[in-house]
Amino acid sequence: MKLIFAGTPEFARVALERLLAAGFTVPLVLSQPDRPAGRGMKLQASPVKQLALDRQIAVAQPRSLRLDGKYPDDAAAARDAIEAAQADAMVVAAYGLILPQWVLDAPRLGCLNIHASLLPRWRGAAPIHRAIEAGDAQTGVTIMQMDAGLDTGDMLLIERLPIRADDTTGSLHDRLAVLGGRLIVEALEIAACGGLKAEKQPAEGVTYAHKIEKAEAAIDWAAPADTLARRVRAFNPFPGAATALAGEAIKVWSAHADGASAQAAPGQVLAADADGIRVATGQGVLVLTELQRAGGKRLAAADFLRGFALAPGQVLDAAPPLKEAP
């Protein structure tokens, strides 16, 4: 089976690598244009593009696929490349561009999407973050036949995965990426035999995983401790939960809720020692165990406190920090 692959970040790279290892022919890869990244803000190729170049696969990086849009020349060049590939199917994983109808119709078997949730829950851009933030007990991967809607297509294959109590978006992402790679290979092998059956998504249980905004990083100490603990895990590694003391930014990378009640204002430090920094919240206590100053490294609470004095009675800012730790 001949495939076009469309994807950009590491989640998609894992799937492309699995497809190539399974023996699928991939004559064309679509990926987002190179973006500035790192301290020098130099243009960097996406993980998917890097893998494609390593395997000597042709890469197209249109800024848009809309023939009547802002970049019609990009879209027309991509159309020519897609037509020339004569693919049986297009596999899409976290690509980042909307596929117009002409793309959906181009391959013989259409476009199959690897979506990191149990659809119809968490349609949209950030399903892994939102599942952790909401306290879901499980998530998974859905292989979906793409249509013109936002993750509304028919489900082809689905597999569940438990969310562990200590999962961050980073750790859950890695497990889902592996699952997605395995599941898309299974789906295509079944499709090659004509045995893939489509199932409509349920009308009930639809939720949307809106894109993560940097402004969400600011810790609202008036929220309950268990809510804040989930957000810390959900925002690790991006954008990182953030607070501040006297205007200095502090990233919080690991924390857990303590059921103890706190007779103190939200954000007030109750204790600070090697076991963690105990902070009052709107309901309960949040224990911070891994932190980072602006420009510094991630440190366990004991090491962090050696270079940043925190004493009971001090109050962490609820407002977004003035500076962001990188």
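This is a short walk through one chain, from its overall build down to a few side chains.

First, the ground rules. The model is predicted: local features need pLDDT of at least 70, side-chain atom pairs count only at pLDDT 80 or more, and totals for chains, interfaces and linings use all residues. Residues are numbered from 1 along each chain as its sequence is written, and side-chain values use heavy atoms, with hydrogens and water left out.

The chain overall. Its secondary structure is eight helices and 17 strands; helices are DSSP runs of H or I with at least four residues, strands are E runs of at least two, both numbered from the N terminus. Along the principal axes, the C-alpha atoms fill a box of roughly 65 × 45 × 35 Å. Of the 326 residues, 49% are buried. Buried means under 20% relative accessible area, exposed means over 50%, and partly exposed is in between, with a 1.4 Å probe and protein chains only. Now contacts, meaning heavy atoms within 4.5 Å. Among those between residues at least 6 apart in sequence, 65% join residues at least 24 apart.

Next, the rings. How many aromatic pairs does the structure hold? One. The centres of Phe304 and Phe308 are 5.2 Å apart and their planes sit at 25°, so the pair is stacked. The cut-offs: rings of Phe, Tyr and Trp (its six-membered ring) pair with centres within 6.5 Å; planes under 30 degrees apart are stacked, over 60 edge-to-face, the rest tilted. Both Phe304 and Phe308 are buried.

There is also a charge over a ring. The charged end of Arg298 sits over Trp253, 3.5 Å from the ring centre. That label requires NZ of Lys or CZ of Arg within 6 Å of the ring centre and within 35 degrees of the ring normal.

Two valines to compare. Val26 lies in strand 2, residues 25-30. Is Val26 buried or exposed? Buried, at 9% relative accessibility. Not counting residues up to four places away in sequence, Val26 touches Leu3, Phe5, Leu16, Leu20 and Ile57. Its C-alpha is 8.9 Å from that of Ala58, 32 residues apart along the chain.

Val315 is in the segment after helix 8 (301-307). Val315 is partly exposed, with a relative accessible area of 40%. Val315 and Ile190 are 125 residues apart in sequence, and their C-alpha atoms are 58 Å apart.
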